[in-house]
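Reader: Could you walk me through the pockets, the core and the aromatic pairs here? I'd like to follow along with the model open.

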Amino acid sequence: GDSVNQTEGPVTVSEGALMTLNCTYQTADFSSYLYWYVQHLNKAPQLLLKGLTADKKVEHEGFQATLVKSDRSFHLQKRAVQASDSAVYYCAVSDTVTQGCRGS
């Protein structure tokens, strides 16, 4: 089945420095979507970044990642991290096929 292998925490980064969290994935379907979620203390996980297109950089609120399908990676980076970036980060993968219900 599909799986991801990501940087295991905790990761300590000095304020103002570059943070990199690695994520590689395995999937039977070469057409896969990759996601980064962030979960702050006592809050539900929130979608941070979504990678849909190979070799295209996606950015949100200073975070960025590029889905590199050739080496099956979707590494997360943020320059100049702040104390407010302290959180749990999750990488996830899904295939692009969605199955609907057939009515009678």
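**Aromatic pairs, core and pockets**

Author: F63 and Y89 are both buried, where buried means under 20% relative accessible area, exposed over 50% and partly exposed in between, with a 1.4 Å probe and protein chains only. A word on the model: it is predicted, so local features need pLDDT of at least 70, side-chain atom pairs count only at pLDDT 80 or more, and totals for chains, interfaces and linings use all residues. Residues are numbered from 1 along each chain as its sequence is written, and side-chain values use heavy atoms, leaving out hydrogens and water.

Reader: How many aromatic pairs does a search of the whole structure find?

Author: Rings of Phe, Tyr and Trp (its six-membered ring) pair if their centres lie within 6.5 Å; planes under 30 degrees apart count as stacked, over 60 as edge-to-face and the rest as tilted. By that rule, the search of the whole structure gives 2 aromatic pairs.

Reader: What is the angle between the planes of Y35 and Y37?

Author: Y35 and Y37 form a tilted pair, with 6.2 Å from centre to centre. Y35 counts as buried because its relative accessibility is 14%, whereas Y37, at 27%, counts as partly exposed. The angle between the planes of Y35 and Y37 is 35°.

Reader: And how many residues apart are F63 and Y89?

Author: F63 and Y89 also form a tilted pair, 5.9 Å centre to centre with 45° between the planes. The pair links distant parts of the chain, F63 being in strand β7 and Y89 in strand β9; strands (E, at least two residues) are DSSP runs numbered from the N terminus. They are 26 residues apart.

Reader: Which strand gives the largest share of the lining of the second largest pocket?

Author: A pocket is an open set of points on a 1 Å grid over the protein atoms alone, where a 1.4 Å probe fits, with protein on both sides within 12 Å along at least five of seven lines; lining residues have an atom within 4 Å of a point. F63 and Y89 are among the residues lining the second largest pocket, together with others including H40, H60 and D85. The largest share, 3 residues, comes from strand β5.

Reader: What is the volume of the largest pocket?

Author: A volume is the space filled by probe spheres set on the grid points, which are joined across faces, edges and corners. The largest pocket has 19 lining residues, and Y89 is one of those closest to its centre. Its volume is about 340 Å³.

Conventions:
Helix = DSSP H or I, 4+ residues; strand = E, 2+ residues; numbered from the N terminus.
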